[in-house]
Amino acid sequence: MKRARRAAPGPLPVLGLLLLGALPGLWTVLLRREAAALPEPRPPAGQSPGRWGWARSPAVRGESGGGGQKTFRTLLAVPAAATDREERDGEERLAVTDSQPPAGTASPVERGIFWSRELEEQVPPGFAAEEAAAWLSAARAARVASLERGGCGRSSNRLARLSDGSRACVRYGINPEQIQGEALSYHLAGVLGMQERLPPMALALVEARGRQWEPVREELRGSHWAEGAVVSLTRWVDNLTAVVAPAPWGAEAGAGRRLQPLSAGELVGLSPSQLVELVQWSDLILFDYLTANFDRLVSNLFSLQWDPRVMRRATSNLLRAPDGGLVFMDNEAGLVHGYRLLAMWDPYNEPLLRSVCVFREGTARRVAELHRRRSAAAELRRRYRAREPLWAHLGFLSERQAELLQARVDFVHRHIAHCRAQ
């Protein structure tokens, strides 16, 4: 600079020297940014980095929790080695490609907010109604041949082998409202037209001297189950794997950003398998809001306050079947238990609902009908009493809980209308 002042050149040469001197610094900044970006998957064209962070989760046994140590219930961090291994595995599944959809490809969204019929037809069928009814009938008539520990969540639960050769998870609630919530959530899914995503579930009465339980009388003594308690029998499903939340829920929440609505404009460049999974996630988030279920994605969001990487790991109580269908497991936190804790968990459930602005048209239609008729609790009661022989042992929602269910249906209906108006 001293030489430059002595030479007293004109303003243009000075400006040129300053720009030339700045080039190395600019080049260094660009190299650092490029190096920092290398480990991240490239987003589709037109989207910001980190927006669509899909991941593959490790295979697990048929346990419903997907790893309870990863949720708020233990307040413990996952060991670093296990975390790194799981996240490395996660990079392989559903990776977003740079390619654009072929010309002429049908849009995944119709009328702005509904998944297309063509896309919905690609969603795995789940548990067909006829198949579920046949299993429930057989399970209610079968005797329990053995009870085993492990594989079904809490230590108080058991894996039952039934006399017809099938298996079922027997859930013994910490209190009866958990089993009531499990049963009512299952039948609310039927009211909403998404019951195929939940494993078939029936109630059973524990009677050591009864026909159904007589072969396992000795095992019952060791279980510490109360005589006459109501438990749930849920069909066991083999070969399920854990599920990591896709963006925007995984990538944006994990980065501490506010969840943005999943809308038609965010779907450009996604593969058919990614779109099919998002169809199911849109139902899941709506379902969990209606039931106020805090023991799934909400518990992961809650855990962000002490574990910033939790959204990159398995989602609680959500598993994937080999055909890609999502399985909504272990819904005992829904409705009864969840409604008692709304003040704590709605700050997480409401933003999740608002993050969805594309819906299955059938789901939106059922919500609109329940809103128009103000019949959410009545429809649930009618279905529950008609399809669950032991419903009276647990009872139904209280009047206040029924009002809350209708209010949440109304809230979802308004949210859908808001998405439509945008």
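This report describes a predicted model, taking in turn a set of paired strands, a pair of packed helices and the nonpolar cores.

## Strands around β4

Strand β4, which spans residues 158–162, is mostly covered, since four of its five residues are buried. On one side of the pairing, β4 is joined by four bridges to strand β3 (residues 144–148), and the two run antiparallel; within this pair, glutamate 148 stands opposite leucine 159 of β4.

Strand β4 is also joined by four bridges to strand β5 (residues 167–171), again in an antiparallel arrangement, and here arginine 161 faces arginine 167 of β5. Four residues lie between β4 and β5, which together form a hairpin, and in its turn glycine 165 has a positive phi of about 95 degrees.

## Packing of α9 and α16

Helix α9 (residues 272–291) packs with helix α16 (residues 399–421) at an angle of about 145 degrees, and their axes are 8 Å apart. From α9, the residues Leu286, Tyr289 and Leu290 meet Leu405, Arg408, Val409, Phe411 and Val412 of α16. Sorted by class, this contact holds seven nonpolar residues, one charged residue and no polar ones.

## Nonpolar cores

The largest nonpolar core contains 102 residues, and Trp213, Trp249 and Trp281 are those with the most contacts inside it. Helix α9 supplies the largest share of this core, with 11 residues. At least three residues of the core come from each of domain 1 (109–124 + 240–421) and domain 2 (129–235).

Another core, made up of seven residues, lies apart from this one, and its members include Phe127, Val237, Ala321 and Met329.

Note on methods
Residues are numbered from 1 along each chain as its sequence is written. This is a predicted model: local features need pLDDT of at least 70, side-chain atom pairs count only at pLDDT 80 or more; totals for chains, interfaces and linings use all residues. Side-chain values use heavy atoms; hydrogens and water are left out. Buried means under 20% relative accessible area, exposed over 50%, partly exposed in between (1.4 Å probe, protein chains only). Two strands pair if DSSP finds at least two bridges between them. Axes are lines fitted to C-alpha atoms, for helices over the stretch in contact, and angles run from 0 to 180 degrees between N-to-C directions. Contact means heavy atoms within 4.5 Å. Ala, Val, Leu, Ile, Met, Phe, Trp, Tyr, Cys and Pro count as nonpolar, Asp, Glu, Lys and Arg as charged, and the others, Gly among them, as polar. A nonpolar core is a set of buried Ala, Val, Leu, Ile, Met, Phe, Trp, Tyr and Cys residues joined through side-chain atoms within 4.5 Å. Domain bounds come from an automatic or database domain assignment.
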